[in-house]
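The following briefing accompanies the structure shown below.

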Amino acid sequence: MPTFEVTQPRFFLEPFGETDSWILRSETVKLSKAGRYYLAGFSPEGHTDKLWLSIGTRESFTAINLLQFPIWSKKIQKFHEVPKKPQGDG
């Protein structure tokens, strides 16, 4: 699913991690049967940068997931290189 033709990526604010991203491609793929599938991202041109993929149609969290959210949020912000907020700024 190439994205080289994308000239206007769609902006996306991820509210849980408070990060900004750009959507290059959005696809719905019907799988032929149940099983294990793998999705890989790469740049045929050899570009190096960060890429994240979202798979599925909805988010579903358990109570334990919600308790782990502060840890996830820090990891998400570190991945996205969000500057740390000064202490006392919420």
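In this predicted model, L24 is in contact with T3, V6 and P9, once its neighbours within four places in sequence are left aside. L24 itself is located in the loop between β2 and α1, the latter spanning residues 63-67.

**Residue L24**
- L24 has a relative accessibility of 42%, so it counts as partly exposed, a class that lies between the 20% and 50% limits.
- S60 is 36 residues away from L24 along the chain, and the C-alpha atoms of these two residues are separated by 24 Å.

**Secondary structure and the hairpin**
- Strand β1 covers residues 10-14 and strand β2 covers residues 19-23; the two pair in the antiparallel sense over five bridges.
- R10 has I23 in β2 as its bridge partner.
- Four residues lie between β1 and β2, which together form a hairpin.
- Within the turn of this hairpin, E18 has a positive phi of about 55°.

**Residue E81**
- E81 belongs to the segment after α2, a helix that comprises residues 69-79.
- The phi of E81 is near 55°, which is a positive value in a residue other than glycine.
- E81 counts as exposed because its relative accessibility is 59%, and the exposed class begins over 50%.

**Overall dimensions and burial**
- The radius of gyration of the protein chain is 16 Å, whereas a compact globule of 90 residues would have a value near 12 Å.
- Along the principal axes, the C-alpha atoms of the protein chain fill a box of roughly 50 × 35 × 20 Å.
- Of the 90 residues in the protein chain, 7% are buried.
- Considering contacts between residues at least 6 apart in sequence, 50% join residues at least 24 apart.

**Surface and charge**
- The protein chain has an accessible surface of about 8,900 Å², and carbon and sulfur atoms account for 57% of this area.
- There are 12 positive and 10 negative side chains in the protein chain.
- The centres of the positive and negative sets lie 10 Å apart.

Notes: Residues numbered from 1 in each chain as written. Predicted model: local features only at pLDDT ≥ 70, side-chain atom pairs only at ≥ 80, totals over all residues. Heavy atoms only, no water. Pairing = 2+ DSSP bridges. Rg over C-alpha atoms; globule rule 2.2 N^0.38 Å. Buried < 20%, exposed > 50% of the residue type's maximum accessible area, 1.4 Å probe, protein only. Contact = heavy atoms within 4.5 Å. Areas by Shrake-Rupley, 256 points an atom, 1.4 Å probe, with all protein chains shown as cover. Lys, Arg positive; Asp, Glu negative; His and termini not counted. Charge placed at Lys NZ, Arg CZ, Asp CG, Glu CD.
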